[in-house]
Amino acid sequence: MTSFSRNTVNELKEVVKGGVVLPDDARYNEVRQIWNATIDKHPAIIMQCAEAADVPRALHFARRHGLEVSVRGAGHNIAGNAVCEGGIMIDLSNMTQVRVEAAKKIAYVEPGARLADVDKATQQHGLATPLGINSTTGVAGLTLGGGFGWLTRQHGMTVDNLLAVDLVTADGRELRASEQENADLFWAIRGAGGNFGIVTGFEYRLHPVGPEITAGLLVFPIAQAKQVLQQYRDYMDKAPEALNIWVVMRKAPPLPFLPEEVHGKEVAVLAVFYAGAPADAERLIAPLRDFGTPYGEHIGVQPYVEWQQAFDPLLTPGARNYWKSHNFTVLKDDALDIMIDYTHRLPGPQCEIFIGMIGGAANRVAPGAMAYGHRDARFVLNVHARWDDIAQDKTCIAWAREFFKASAPYASAGVYINFMTEEEGDRVKAAYGPNYERLVQLKRQYDPDNLFHLNQNIRP
Ligand SMILES: Cc1cc2nc3c(=O)[nH]c(=O)nc-3n(C[C@H](O)[C@H](O)[C@H](O)COP(=O)(O)OP(=O)(O)OC[C@H]3O[C@@H](n4cnc5c(N)ncnc54)[C@H](O)[C@@H]3O)c2cc1C
């Protein structure tokens, strides 16, 4: 165990409802593990909160003993700031309750909930809020950085649907923030959340969705990728906002609807989602097939919650991951050429180039309305290097960095904070653009000592 005596740790144990996990605990290695296996940090203390009131208790303990603080939701963030080396990890991942008031179309969500927890509870009422595309992702980190997914063109970013939060500030105050209460703090946490406090409860606006939607994959040979992507780009300019299509370029996984000889070949995949009436879906999806000659497709009517889990098997925890990301307002032909070129050079079967589509309602909010300000971003490119063997680190990381550099001239100025690795602190200013200076002022007000610095940090 570290320098902490049993008596010191008992001080904490006596006041909290949740559990305290120490390095000599049998569960320690399992509990400190996060989604990205390249992160291997060893907190001195892990405080597994069981209720909101545990958070100020843990913070008080941290301040008293001068401990570095990290905050963990579901531990999905690529940068790995949820874990610290030698400090206290305030782990919220056991607080997963979701309560829905269907008549008001509001969900109340605890900070350790995964997307699956929220979707399951809201869909019981035929409701949903825009979240991401991998159901094991944490709602907390996703929301506090912006949040987008299949519903974003129609209903905006996750932060556009956030109504209020309860949070604990660096000095231990328990506050509520909304448009009406502590509005400046609410402005800041919608995009720069982790910098301003620990959120213990989220309140979201819900929309009628499904429960059945139309979705699936359309897989084209990489040789047709340019024509497919050009037509995709032009088609989406006029497509209704209930239709969202993302692009994935990778080596084809062994999907049962693809001929065996295609498995392992480079492909361009259109991942299609339509939230409107299933009867209208075929009319909107049919033209996509003529973008090229697909190897195969698997599209159909299915429960929204099922589609929300469709990518989980490709995004399991425990692999090594390294990401680079840009925002794009337009996808120029030259940029498409570079994406295709780097698909030909994929360093491994799990690596992929992902183009998520935002646009629509997310673009109709003023850039200064909240800390998340990329209201011109229509596409988010994620260069996703993923591998298992540590010996592959250099090759995979080099591929992602080179592609990132080659595509940079075509990108817009901003970057999505939730896709940044730990080494990209110099991009934080760009990530907030004109909103950055106001965030610095608010950071000075709410966290002058930078207690919450294990994040994409805004320095006071
Ligand atoms: C496989 C995968 C798929 C993804 N898909 C999408 C997607 O479709 N759309 C999208 O928008 N994003 C997506 N993301 C990115 C995701 O939004 C971020 O990784 C997000 O940070 C995950 O949240 P978490 O709570 O699991 O993270 P954690 O790693 O637990 O936390 C990340 C950071 O958030 C802060 N934080 C967490 N909880 C709190 C809290 N309660 N109060 C204050 N600060 C807190 C801390 O600074 C912490 O370091 C994806 C990530 C992965 C790994």
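A disulfide is a pair of cysteine sulfur atoms within 2.5 Å, and that cut-off comes in handy for the first close-up of this predicted model.

**View 1. Cysteines without a bond.** The structure holds zero disulfides. Take Cys351: its closest cysteine sulfur, in Cys396, lies 4.3 Å away, so the two are too far apart for a bond. Cys351 is buried, at 0% relative accessibility. Cys84 has its closest cysteine sulfur in Cys49, at 13 Å, which is also too far for a bond. Cys84 is buried too, with a relative accessible area of 1%.

**View 2. The largest nonpolar core.** Here we look into a core of 127 residues, where Phe196, Tyr232, Met249, Leu270, Met339 and Tyr432 have the most contacts. Strand β14, spanning residues 266–274, gives the most to this core, with eight residues. Apart from this core lies another, of 26 residues, including Val9, Ala44, Ala62 and Met95.

**View 3. Around Tyr232.** Which residues does Tyr232 contact, leaving aside its neighbours within four places in sequence? They are Ile245, Trp246, Val247, Leu270, Phe291, Leu331, Met357 and Phe379. Leu270, like Tyr232, is among the residues with the most contacts inside the largest core.

**View 4. Helices α1 and α3.** The axes of α1 (residues 6–15) and α3 (residues 54–64) come within 10 Å and cross at roughly 160°. An angle over 145 degrees counts as roughly antiparallel, and α1 and α3 are therefore roughly antiparallel to each other. The crossing of α1 past α3 is right-handed. Where the helices meet, α1 brings Thr8, Glu11, Leu12 and Val15, while α3 brings Arg57, Ala58, Phe61 and Arg64.

How values were computed:
Residues numbered from 1 in each chain as written. Predicted model: local features only at pLDDT ≥ 70, side-chain atom pairs only at ≥ 80, totals over all residues. Heavy atoms only, no water. Core = buried A, V, L, I, M, F, W, Y, C linked by side-chain atoms within 4.5 Å. Buried < 20%, exposed > 50% of the residue type's maximum accessible area, 1.4 Å probe, protein only. Helix = DSSP H or I, 4+ residues; strand = E, 2+ residues; numbered from the N terminus. Contact = heavy atoms within 4.5 Å. Axes fitted to C-alpha atoms, helices over the stretch in contact; angles between N-to-C directions. Parallel < 35°, antiparallel > 145°, perpendicular 65-115°, else oblique. Left-handed = near helix turned anticlockwise from the far one by under 90°.
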